[in-house]
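Take a look at the strands and the charged side chains of this chain. The paragraphs below go through them in turn.

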Amino acid sequence: MAEALDLALIDEVLSTARSVRRKLDFERPLPRQVLFDCIDVAVQAPTGIAGESWRFVVVDEAAQKAAIAELYREVLLGLLEQRNMPLKPTHKALIERLHEIPAMVFVCVEGEPLDDQVSSNVAYYGSILPAAWSLMLALRARDIGSTWTTLLSSRQQEVAAVLDMPAGTLQTVMLPVGYTKGAVLRRAERRSAQEVTYWNRWGDR
Ligand SMILES: Cc1cc2nc3c(=O)[nH]c(=O)nc-3n(C[C@H](O)[C@H](O)[C@H](O)COP(=O)(O)O)c2cc1C
């Protein structure tokens, strides 16, 4: 008989992979092997017809991290100014120490969307984002905090220059990662399955 899975534990990991921007241990090293283990889990995600086009660029060198952190800060502050929105304390905490984060993981793709069709975009991003989310879950399961960030994707070329990425590759999310320190990760307030699920026809609960 197949071994029973610990559903309570699995559901807990799936439900508590919160953004951790502040309660991170910036001093505790994050061994590369631990990141390899998490990426090995991530690449078990579904992949599209083009196959395993994911590439993970892990940044753990000080100068690279500083360059990325500066860009991230610029994008975030620029966006908030443009939208006349305040800088939340949690976002402020991250930009103040992003250059010190143990590692930044860029989830990248070799290849670009075929065209602007919805189906092409669904196939393209659908072939990479499940792996990014699996990565975040694998990190969460190891007490490593991260945040799903996409702000830098608006600065593809500048990031590509820092990461030495060739033409025809794209970055999607960037996970700033480090062991958590004093973080209590709880389920978020969300609408229930009953509220967001329809049966057979849109609107039929
Ligand atoms: C598409 C998408 C893009 C996001 N981009 C960023 C980002 O660039 N920077 C950031 O700090 N958080 C980003 N977030 C994280 C959200 O801000 C985060 O989910 C929110 O703070 C709620 O917290 P929780 O994830 O703990 O529920 C993004 C989330 C999503 C779904």
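Which residue forms a salt bridge with Glu27? Arg97 does, and the closest N and O atoms of the pair are 3.6 Å apart. A salt bridge here is a side-chain nitrogen of Lys or Arg within 4 Å of a carboxyl oxygen of Asp or Glu. The pair links distant parts of the chain. Glu27 sits in the loop between α1 and α2 (32–42), Arg97 in helix α4 (residues 89–97), and they are 70 residues apart. Helices (H or I, at least four residues) and strands (E, at least two) are DSSP runs, numbered from the N terminus. Glu27 is exposed at 58% relative accessibility, while Arg97 is partly exposed at 29%. Buried means under 20% relative accessible area, exposed over 50%, and partly exposed in between (1.4 Å probe, protein chains only). Glu27 and Arg97 also belong to a network of salt bridges with Glu100.

This is a predicted model: local features need pLDDT of at least 70, side-chain atom pairs count only at pLDDT 80 or more, and totals for chains, interfaces and linings use all residues. Residues are numbered from 1 along each chain as its sequence is written, and side-chain values use heavy atoms, with hydrogens and water left out.

Now turn to strand β4 (residues 169–179). Eleven of its eleven residues are buried, so the rest of the structure largely encloses this strand. Strand β2 (residues 103–110) runs antiparallel to β4, joined by seven bridges. Two strands count as paired if DSSP finds at least two bridges between them. Within this pairing, Phe106 stands opposite Met174. Strand β3 (residues 144–145) also pairs with β4 in the antiparallel sense, over two bridges. There, Gly145 faces Gly178.

Back to the charged side chains. Side chains of opposite charge can pair when their charged atoms come close. The structure holds eight salt bridges. One of them joins Arg187 to Glu12, with the closest N and O atoms 3.8 Å apart. Arg187 lies in the loop between β4 and α8 (193–196) and Glu12 in helix α1 (residues 7–15), so the pair ties together parts that are 175 residues apart in sequence. Arg187 is exposed, at 52% relative accessible area. Glu12 is partly exposed, at 33%.

Glu110 is in strand β2 and Arg55 in strand β1 (residues 54–59), 55 residues apart. Glu110 is partly exposed at 46%, and Arg55 is partly exposed at 40%.
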